[in-house]
Amino acid sequence: MSTKDSELSEQYNKIFIEQAPTAIAMLDKDMRYIAVSQRWITDYKMEGKEIIGRSHYDLFPEIGEDWKANHLKCLKGAVDICEEAPFKRADGTIQWIYWDVRPWYVSEGKIGGLLMHTGDITPQKEREKERNRMLEILDKTSEVARLGIWEVDLKRNGIYWSPVVCEIHEVDENFQPSLDTAINFYKEGESRDLMRKSVDKVISSGESYDVEVELVTAKGNSIWVRSVGNGEFEDGKCVRLYGIFQDINERKLSEMALNKANAELRAIFNSKSVAIITTDDKGIINHFNHGAEYLLGYSASEIIGTQIPSVFATMEEVERFRRDLSQKYGKDPLKGLAENNEFDVREWTYIKKDGTKISVQVTISAIKNAEGEIVGSLTVASDITAIKNAEIELLRKNQVLNFAERLSMIGNWQWNTITNEVIWSSNLYKIFNVDEETRLTYDTYFSFVHPEDKEMVTNHVKYSLEEKKFPDLLHRIKLRDGTVKNIQLLAEIMTNDAGEVIELVGTCQDVTEQRLEEIKFRGLLESAPDAMVIVNEAGEINMINKQAEKLFGYSAKELKGKSVEILIPEAYSDKHPGHRAGFFANPKTRHMGEGRELFAINKKGKLIPIQISLSPLKTEEGVLVSAAIRDITSQKIAEGKILKAKEELEVFAKKLVAQNTKLADFTQITSHNLRAPVSNLNSLLGFYKLAQSEEERADLFQKLESVVNHLTLTLNTLVEALNIRKDNNGDKLEKIEFKSVMVKTQEILSGEIMGTGAVIKSDFSKLPDIAYNKIYLESIFLNLVGNALKYRSTDRVPEIYVSSGIENGKKFLKVTDNGQGINLKRHGHKLFGLNKVFHRHPDARGIGLFLTKTQVEAHGGSISAESEVNVGTTFNINFN
């Protein structure tokens with residue numbers, strides 16, 4: 001192509017570009033404008049600017065490096081096409097454009113510059129953006145409104161549910177329903193039948209439907225929905241069903257609740273139990289319901305049109321109402337109520353048509369229209385005459401109760417375990433010495449619990465809450481001033497329908513005085529030597545002591561409240577209630593079953609011979625009987641043993657006579673050792689004959705038994721040891737406890753000890769035992785202690801002290817008394833001689849000390865004495 005042709009072609013291109021209806025620009029290789037269309041100038045807002053010959057980048061300084069790089073590629077032959085992209089202008093606005101950038105050629109293969117074909121699509125993008133925004137709003141609105149769409153293709157028998165419809169049915173979005181499964185979601189009965197009829201009508205006649213029905217979801221939840229359906233027909237046949245589906249459960253339930261509330265309000269408005277009276281803004285009654293007619297005895301026709309409240313209210317109360325509200329609001333009462341959205345509740349006295357006065361609770365409020373203007377008043381009144389009378393009666397009873405509580409030192413309490421709120425009666429505040437303004441919780445009470453009883457109380461409350469029963473609780477409290485009281489708690493536990501503990505109600509009694517008396521009585525009861533059983537008139541056991549527990553084998557808890565016949569053998573139990581009734585008819589202290597043998601039965605069924613003394617006790621609970629029960633088993637055995645011992649003594653006496661020739665010089669020992677127990681036995685028999693009570697006799701029986709046993713043992717031992725002194729090498733040594741010998745000695749001499757009131761003390765802690773001839777050691781104790789009693793001072797009570805020990809490696813025994821004493825200067829040389837006496841005592845034989853010295857020396861020991869006349873004597877025995 002020639003240069004002329006080329007220039008002509010370029011000229012034609014400029015003309016074409018300038019007249020083009022779209023935005024086109026022609027640029028040279030240096031990116032300077034050669035030609036632009038009018039649309040280009042309009043799209044890029046270049047009206048009035050000089051364009052031709054200027055650099056593209058000067059006119060568009062916002063063009064970035066990435067675009068410039070693409071332009072260089074196009075100047076080398078590339079083509080750059082983009083359907084849409086944002087172009088941020090220098091003024092900050094965004095312009096959406098599309099472009100087609102390609103080279104133009106001067107000659108074949110020679111590029112003269114670039115052709116840019118662009119379009120401003122910003123309006124389309126704005127419309128698209130607005131459309132998307134509207135679609136998004138629609139989707140969100142549908143979601144919030146729980147509104148979905150559905151479609152049924154009757155040709156293909158396919159059903160489409162939108163996500164919202166699936167969500168309403170509580171199924172997965174991939175759920176594929178059929179006509180049958182879809183219809184079965186509706187609640188069986190009225191709702192399902194209505195949907196069947198509606199769908200059938202659309203299919204048969206094309207009549208659309210809009211119904212509200214109840215649906216049961218896949219998860220079993222019942223909800224209300226609105227279903228709207230239409231049909232599409234081809235050649236007169238329905239081929240498609242479509243419509244919307246909306247969750248209206250909240251609205252429907254609210255509507256139903258509102259209808260119910262309206263029905264209830266209408267029922268209340270027409271109820272006879274509530275009087276409802278309304279007036280206009282002038283105070284003229286314009287409504288008087290059935291309840292008002294019933295309450296006041298007027299008909300509505302008699303009252304409507306009259307001025308309220310002059311007909312049935314007293315003017316004194318009306319004036320008080322106006323004065324109170326005027327002071328409160330500083331203006332007209334009704335206006336004050338209206339402006340503050342409040343109402344006034346108080347008690348009024350109404351006068352019925354027949355003149356009867358009744359107490360009513362009245363609520364007065366203002367009636368306002370939509371603009372907030374007062375258009376009247378509403379008065380709601382209910383008859384509380386019966387309640388007032390009940391309150392008065394309750395107040396009177398409360399006063400009586402409070403008085404009774406003060407007299408009995410009882411208070412009542414309530415504990416809400418949910419809120420931990422505690423309520424006390426007035427007297428309970430006084431018991432705890434707490435101000436009645438004090439806010440109470442469980443911790444308030446627990447803070448008073450005596451420190452030593454806190455664990456017991458905590459365990460008791462824990463048990464009660466777990467087991468839902470509250471056993472009686474007796475414990476101590478310590479007041480702020482240090483006073484200690486005993487209180488007794490009784491309570492009932494309240495639970496809800498789920499069986500959870502919600503409240504405890506009960507009483508608290510100050511039993512300090514009773515407790516002190518009970519402790520005192522219990523102390524006396526426990527100190528009694530006999531088993532004690534306290535019985536009421538019904539024959540129920542109220543209390544027993546430890547001795548009774550030991551005797552019968554039952555604990556006090558086991559016997560409390562049980563019939564006393566549980567302790568009586570079956571052979572006698574049938575007649576016992578009659579005997580018991582006879583005693584309560586004429587109660588007096590006496591022995592039970594005199595002249596007869598009595599028996600009781602213990603827990604194991606063993607019969608026990610007993611003696612019983614009955615004594616009546618007058619208490620606040622009525623007459624009680626105290627039964628002192630003594631087990632006489634040992635006494636019975638002792639009686640038998642005494643008889644047996646008597647027989648054995650006779651046998652032994654005969655044996656002794658027969659062995660008289662063998663006694664030799666041992667006769668002196670035998671006669672002396674037997675004289676003390678025989679003498680003591682005679683003393684005890686004398687005491688027994690003089691005894692006044694069975695208790696004394698039983699005690700003496702035990703002592704007689706002991707003496708007889710010891711005497712029997714002594715006789716048996718003496719018979720076997722007749723030749724003991726002839727052959728000392730044959731002496732039998734055995735380990736003997738000093739304490740046991742001392743006890744035996746006191747038992748043998750018990751008669752003389754009782755008669756003299758002697759006080760005998762011993763200490764064998766330093767030398768508890770010794771290897772010795774038992775008969776000798778017992779004889780030594782018997783002689784030395786017996787002499788101390790025999791030669792006692794007439795001016796003072798005999799006191800004897802026996803001790804053992806080791807001194808300088810030698811074992812010793814000492815016997816000290818406060819008796820008459822011995823003049824050792826005068827009689828010391830013959831103190832241990834045979835037949836030597838130093839006092840004018842009728843039983844003095846001069847044998848005892850001689851025997852003792854002989855017995856001590858027989859085992860290599862020695863005996864000495866220290867004595868002062870009228871002060872006492874000490875005998876010292878060294879055993880080795």
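## A surface lysine and its partner

Lys155 is exposed, with a relative accessible area of 55%, where exposed stands for over 50%, buried for under 20% and partly exposed for the range in between, using a 1.4 Å probe and protein chains only. Glu234, at 37% relative accessibility, counts as partly exposed. The structure is a predicted model, in which local features need pLDDT of at least 70, side-chain atom pairs count only at pLDDT 80 or more, and totals for chains, interfaces and linings use all residues. Residues are numbered from 1 along each chain as its sequence is written, and side-chain values use heavy atoms, with hydrogens and water left out.

A salt bridge is taken here as a side-chain nitrogen of Lys or Arg within 4 Å of a carboxyl oxygen of Asp or Glu. Lys155 and Glu234 form such a pair, their closest N and O atoms being 2.8 Å apart. Lys155 sits in the loop between strand 6 (147-153) and strand 7 (158-161), and Glu234 in strand 9 (residues 222-234), so the bridge ties together parts that are 79 residues apart in sequence. Helices and strands are DSSP runs numbered from the N terminus, the helices being H or I with at least four residues and the strands E with at least two.

## Other salt bridges

By the same cut-off, the count of salt bridges comes to 31. One of them joins the side chains of Lys125 and Glu84, at 3.3 Å from N to O. This pair links distant parts of the chain, since Lys125 is in helix 5 (residues 122-144) and Glu84 in strand 3 (residues 80-88), 41 residues apart. Lys125 is buried, at a relative accessible area of 16%, whereas Glu84 is partly exposed at 41%.

Arg792 and Glu752 form another salt bridge, with 3.7 Å between the closest N and O atoms. Arg792 lies in the loop between helix 28 (774-790) and strand 30 (799-807) and Glu752 in helix 27 (residues 750-756), so parts that are 40 residues apart in sequence are tied together. Arg792, at 29% relative accessibility, is partly exposed, and Glu752 is partly exposed with a relative accessible area of 28%.

## Helix 28

Helix 28 is mostly covered, with 16 of its 17 residues buried. The expected span of a helix is 1.5 Å times one less than its number of residues; for the 17 residues of helix 28 this gives 24 Å, which agrees with the 24 Å between its end C-alpha atoms.

Within helix 28 lies Glu778, which is buried at a relative accessible area of 13%. Leaving aside neighbours within four places in sequence, Glu778 is in contact (heavy atoms within 4.5 Å) with Val741 and Lys744.

An open sheet of 5 strands has the order 2-1-5-4-3 with antiparallel pairing, two strands being paired if DSSP finds at least two bridges between them. The edge strands, each pairing on one side only, are strand 2 (33-36) and strand 3. Strand 1 (residues 23-28) and strand 5 (residues 110-120) pair in the antiparallel sense over 6 bridges, and Ala23 stands opposite Thr118 in strand 5.

Helix 4 (residues 65-75) lies across strand 3, strand 4 (94-107) and strand 5, and runs at about 135 degrees to strand 5. Such angles run from 0 to 180 degrees between N-to-C directions, the axes being lines fitted to C-alpha atoms, for helices over the stretch in contact.
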